[in-house]
Amino acid sequence: MSCIHLVALLALCLGAVAANSNHLPGGVNLNERFFNQVRALIKRRMQQKDLQSPQLPLVDDEVALQNQRSYDNVPIPAASVPTPVLVENWPTEQHSFGQVTAVSVDPQGNPVIFHRADRYWDVNTFNESNIYYLIEYGPIKEKTIYVLDSKTGAIKSGWGSNMFYMPHGMTIDIHGNYWITDVAMHQAFKFKPFGSKPLLTIGKRFRPGSSVKHLCKPTSIAVATTGEFFIADGYCNSRILKFNAAGKLLRTIPQPPEFLSLQVPHAITLLEHLDLLCIADRENMRVVCPKAGLKSSHGEGEPAATIQEPDLGRVFGVASYGDIVFAVNGPTSMLPVCGFTIDPRSEAIIGHWGDFKNPHSMAVSVNGSALYVTEIGTNHQTNRVWKYVLA
């Protein structure tokens, strides 16, 4: 079932479900707010089918900074938004990866994956205090990072053996530095390519915590061109930490008077032109985009742009493309698992694409020509990378 067809199904089933149950499968409350969201979604889909989106007026950065909210609400022209198109038979050869938890793209345009090799995260991996059970087994002996060829998907090089225990997030910045999170070590790292020792470390090794010096199962990192970076401190603390280039903590999101409750911020991406940080707020089943504060602290703490529609489900991955966001959901009750194109300005889903089983992360190439999505599973056929061209 496609995401678009789901809208019609929701419309047909709405009355019957309301009459027989107070909850959807998975514990999602069918309150009045949910019904209003469904009605609004159906209305928007009908309008998208019949109407052409208005053209976006030109606004300079200074005006946008002073009047961000009104600027954000202007829809992006539909004609300017690329549609991800699957590249068939990519990669051209089959790989035997472990759970592919992250993908990024280096400055040369090569997709790079981060995988767990023979490790799996299950109920026996951590105790109730979030301490990693399997420290005695040591780090993963295999290479955990592979650089792939963008045309064929063949492995060009690899590194990261005997370094990581439970890989999760990876981002490559414009200078080619690797920013990595390990949920077992409760740490985030900055590496040079093929580096054996980190240039920067955030968090205490194997010591989860909620203080400013600790992390607890961090999930993702976003790096600005200014050198500032954000860590999604993800599974336990459900917060975002903002640092300067030297690793000094600048801000915690959310913080008073900011009213923003996060539940497992699973992935983050920056829209620097709009000065927004967009968050895959997984268990709240939405994407939220608070002010990043890269250009100015003006607007920090204001209500975040929020994208939450009934077909979105649990959001696992987000990636920026100009002023739009691509996202993928994961298994969520009876909802289809697919990709979404999101306009943070109008706080709306403006496109659907793809068909997945269990996607975990995504990344857009440096030149904006390709989009990569990873999936995790139980064997090499379900642990894979998909390539889409943005046409």
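Modeller: Residues 24 or more positions apart make up 51% of the contacts in the protein chain with a separation of 6 or more, where contact means heavy atoms within 4.5 Å. This is a predicted model, in which local features need pLDDT of at least 70 and side-chain atom pairs count only at pLDDT 80 or more, while totals for chains, interfaces and linings use all residues. Residues are numbered from 1 along each chain as its sequence is written, and side-chain values use heavy atoms, with hydrogens and water left out.

Biologist: Why is β9 called mostly covered?

Modeller: Buried means under 20% relative accessible area, exposed over 50%, and partly exposed in between, with a 1.4 Å probe and protein chains only. Five of the five residues of β9 are buried, so the strand counts as mostly covered. Tyr178, Ile180 and Asp182 lie on one side, and Trp179 and Thr181 on the other.

Biologist: How do you know that β9 pairs with β10?

Modeller: Two strands pair if DSSP finds at least two bridges between them. Five bridges join β9 to β10 (residues 187-191), so the two pair, and they run antiparallel. Ile180 has Phe189 as its bridge partner in β10.

Methods. Helices (H or I, at least four residues) and strands (E, at least two) are DSSP runs, numbered from the N terminus.
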